[in-house]
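Colleague: Before I use this model, I would like to know what the descriptions attached to it rest on. Could we go through them one by one?

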Amino acid sequence: MPTRRGFLALASGAALAAGRGVAAAEPALGEDGLYHEPWFLQSFLDLREDIEGAAAGGKRLAIMWELRGCPYCRETHLVNFADADITTYIRDNFEVLQLNLIGSRKVTDVDGQELSEKDLAQKYGIRFTPTFQFFPPSSAGIEAKEPMAREVARAPGYLKPQHFLAMFRFVRERAYERGSFRDFLAANG
């Protein structure tokens, strides 16, 4: 039977979460051991199509690389994605494709090469989780570039919420064309 103390703790926790603009519910933990956001891109795993599909919707493609048991991947989901302001900005401006660093699903790269998630991660030099890769607003000419030169920005490792949101703004505003992420942070707080 619920107690008054239990009810008050639940009510104050919900009020605190609502007051800070964060979601109270955790994302779903899948059978693959990764947390899954319901708004992540459901894809046929063809990166050229995903870049063009995002562009058609006025958005950019970002890939989130994760690994089962990664504590900072969990933190990204439970802290960063739980912030309504961050999630709203990302959902409005990006399509986020979730890939597994050691996964076996087949992904077609922008150059037409079909690889497992694990082999694609190796091709792009992804070594840490979470890592976010950000791609240009169009796939035109991208296949002629070396793999790591295809992305416009990369966030290897966990970023605290303020810097996490700033990284997405850095890409959306194309600030990478004018300087580094560090410069962007210095100029924009």
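Colleague: What makes strand 3 and strand 7 a pair, and which way do they run?

Modeller: This is a predicted model. Pairing needs at least two bridges, and four bridges join strand 3 (residues 60–66) to strand 7 (residues 131–134), so they count as a pair. The two strands run antiparallel. For one of the bridges, Ala 62 has Phe 134 as its partner in strand 7.

Colleague: Which strands form the open sheet, and in what order?

Modeller: The order is 4-3-7-8, with mixed pairing. Strand 4 and strand 8 (153–156) are called edge strands because each pairs on one side only. From one strand to the next, the twist averages 15°. Helix 3 (residues 71–80) packs on this sheet and touches strand 3, strand 4 and strand 7.

Colleague: Why are helix 6 and helix 7 called roughly perpendicular?

Modeller: Their axes cross at roughly 110°, and the term covers 65 to 115 degrees, so the two helices are roughly perpendicular to each other. The axes come within 10 Å. Helix 6 contributes His 163, Ala 166, Met 167, Arg 169 and Phe 170 to the contact, and helix 7 contributes Phe 181, Phe 184, Leu 185 and Asn 188. By class, these residues are six nonpolar, two polar and one charged.

Colleague: What lines the largest pocket?

Modeller: Its lining has 15 residues, with His 36, Leu 41, Gln 42, Gln 98 and Arg 105 nearest the centre. Strand 4 (residues 94–100) gives the largest share, four residues. The space in this pocket is about 220 Å³.

Notes
Residues are numbered from 1 along each chain as its sequence is written. This is a predicted model: local features need pLDDT of at least 70, side-chain atom pairs count only at pLDDT 80 or more; totals for chains, interfaces and linings use all residues. Side-chain values use heavy atoms; hydrogens and water are left out. Axes are lines fitted to C-alpha atoms, for helices over the stretch in contact, and angles run from 0 to 180 degrees between N-to-C directions. Angles under 35 degrees count as roughly parallel, over 145 as roughly antiparallel, 65 to 115 as roughly perpendicular and the rest as oblique. Contact means heavy atoms within 4.5 Å. Ala, Val, Leu, Ile, Met, Phe, Trp, Tyr, Cys and Pro count as nonpolar, Asp, Glu, Lys and Arg as charged, and the others, Gly among them, as polar. On a 1 Å grid over the protein atoms alone, a cavity is a set of points where a 1.4 Å probe fits but cannot get out, and a pocket is an open set with protein on both sides within 12 Å along at least five of seven lines; lining residues have an atom within 4 Å of a point. Grid points are joined across faces, edges and corners, and a volume is the space filled by probe spheres set on the points.
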